[in-house]
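Biologist: I should like a close look at a single part of this model and at the elements around that part. Please state the cut-offs behind each term as you use it.

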Amino acid sequence: MMTDPIADLLTRIRNATAEGHEKVEIPASRVKANIVRVLKEEGYVKNFRLSRDEGIPVIKIYLKYAEEGSPVIRGIRRISRPGLRRYSGYESFPRPLSGAGIAIVSTSKGVMTGSKARQAKIGGEILCEVW
């Protein structure tokens, strides 16, 4: 049993981009799929697919690279973790790299970026930062 599946997702993405892989496969869950959906909407990954590999649900993430070959995701960091949950009101969400990155937040209205949660005036748990 895995204690922090979101950290596992982020680590797999970080390792795959460091090695220049085209895609990465991870065990699927609803929260992971929503995090990857936000990454796609914000332009950090090309695409993703939900599929079954021998009956086990899997998310295939197709990574995105710049023309010169450098990964679009330069950094990805877990903020709230099982041992220390981080919650915030909408007015104090972090702005990674002074707004150049995004914070992914789990709210009562679903998983979204910190800026969208700020516009909707919804607080929540800060899952991770991406830049």
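Modeller: Arg78 lies in strand 4 (residues 76-78); here strands (E, at least two residues) and helices (H or I, at least four) are DSSP runs, numbered from the N terminus. This is a predicted model, in which local features need pLDDT of at least 70 and side-chain atom pairs count only at pLDDT 80 or more, while totals for chains, interfaces and linings use all residues. Residues are numbered from 1 along each chain as its sequence is written, and side-chain values use heavy atoms, with hydrogens and water left out.

Arg78 counts as buried because its relative accessibility is 16%; buried means under 20% relative accessible area, exposed over 50%, and partly exposed in between (1.4 Å probe, protein chains only). A polar atom of the Arg78 side chain lies 2.4 Å from the backbone oxygen of Ser80. The backbone oxygen of Leu127 is likewise 3.2 Å from a polar atom of the side chain of Arg78. Leaving aside neighbours within four places in sequence, Arg78 is in contact (heavy atoms within 4.5 Å) with Asp4, Ile6, Ala7, Leu10, Arg85, Leu127 and Cys128.

Strand 4 and strand 8 run antiparallel and are joined by three bridges; two strands pair if DSSP finds at least two bridges between them. Within this pairing, Ile76 stands opposite Val130 in strand 8. Strand 8 also pairs with strand 5 (87-88) in the antiparallel sense, over two bridges, and Gly124 of strand 8 is the bridge partner of Ser88. Six bridges join strand 8 to strand 6, again running antiparallel, with Glu129 of strand 8 as the bridge partner of Ala103.

At 1.5 Å a residue, the 15 residues of helix 1 (residues 5-19) should span 21 Å, and the end C-alpha atoms are 21 Å apart, which agrees; the expected span is 1.5 Å times one less than the number of residues. Gly20 follows helix 1 and has a positive phi, near 80°.

Three strands form an open sheet in the order 1-3-2, with antiparallel pairing. Strand 1 and strand 2 (45-53) stand at its edges, each with a single partner strand, so one side of each has no neighbour in the sheet. From one strand to the next, the twist averages 25°. Five bridges pair strand 1 with strand 3 in the antiparallel sense, and Ile26 stands opposite Ile59 in strand 3. Helix 1 packs on this sheet, touching strand 1 and strand 3, and its direction makes about 165° with that of strand 1; axes are lines fitted to C-alpha atoms, for helices over the stretch in contact, and angles run from 0 to 180 degrees between N-to-C directions. Helix 2 also packs on the sheet, touching strand 1, strand 2 and strand 3, and its direction makes about 155° with that of strand 2.

The buried residues of helix 2 are Lys32, Ala33, Ile35, Val36, Val38 and Leu39. Its twelve residues should span 16 Å at 1.5 Å a residue, and its end C-alpha atoms are 16 Å apart, which agrees. Gly43, with a positive phi near 85°, follows helix 2.

Two loops complete the account. Ser70 is found in the loop between strand 3 (56-63) and strand 4, and is buried because its relative accessible area is 17%. The side chain of Ser70 makes a polar contact with that of Glu68, at 3.1 Å; a polar contact is a pair of N or O atoms within 3.5 Å, where within protein one must be able to donate a hydrogen and the other to accept it, and residues adjacent in sequence count only if both atoms are side-chain atoms. The loop between strand 5 and strand 6 (102-107) holds Leu97, which is exposed at a relative accessible area of 55%. Most residues other than glycine have a negative phi. Leu97, however, has a positive phi, near 50°. Ser98 lies in the loop between strand 5 and strand 6, has a positive phi near 55°, and counts as exposed at 71% relative accessibility.
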